[in-house]
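Open the model in your viewer and keep the selection panel at hand.

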Amino acid sequence: MQRQNSGLTSLFFLQLAISIFFLILGIQGIISNMSQNSGFAREVARFFNAENPAVQKTELIMGIISLMAGFL
């Protein structure tokens, strides 16, 4: 006999991995927006013209959306 819930177990772990990914992505987006101390983040921000307030707000909003997606 084959187990019927092995597909459900695989689906659960896939959802868990994706939610952890979105949680980490959201936290990283919020933290990088709050502190511009790291050299790599500063260079990426300079490349995308982060002095523009619209870019800063978009980065924060996308971080919050990713965080909420991870919770859901």
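Contact here means heavy atoms within 4.5 Å. This is a predicted model, so local features need pLDDT of at least 70, side-chain atom pairs count only at pLDDT 80 or more, and totals for chains, interfaces and linings use all residues. Residues are numbered from 1 along each chain as its sequence is written, and side-chain values use heavy atoms, with hydrogens and water left out.

**Select S66.** Which residues is S66 in contact with, leaving aside its neighbours within four places in sequence? Show F22, L23, L25 and G26. S66 itself sits in helix α3, residues 53-71. Helices are DSSP runs of H or I with at least four residues, strands are runs of E with at least two, and numbering starts at the N terminus. S66 counts as buried because its relative accessibility is 11%. Buried means under 20% relative accessible area, exposed over 50%, partly exposed in between, with a 1.4 Å probe and protein chains only.

**Zoom out to the chain.** Colour by secondary structure: three helices, zero strands. The order along the sequence is α-α-α. Of the 72 residues, 17% count as buried. The chain exposes about 6000 Å² of accessible area, 70% of it from carbon and sulfur atoms. These areas come from the Shrake-Rupley method with a 1.4 Å probe; for residues, only the protein chains shown count as cover.

**Select F12.** F12 belongs to helix α1, residues 6-34. At 46% relative accessible area, F12 is partly exposed.
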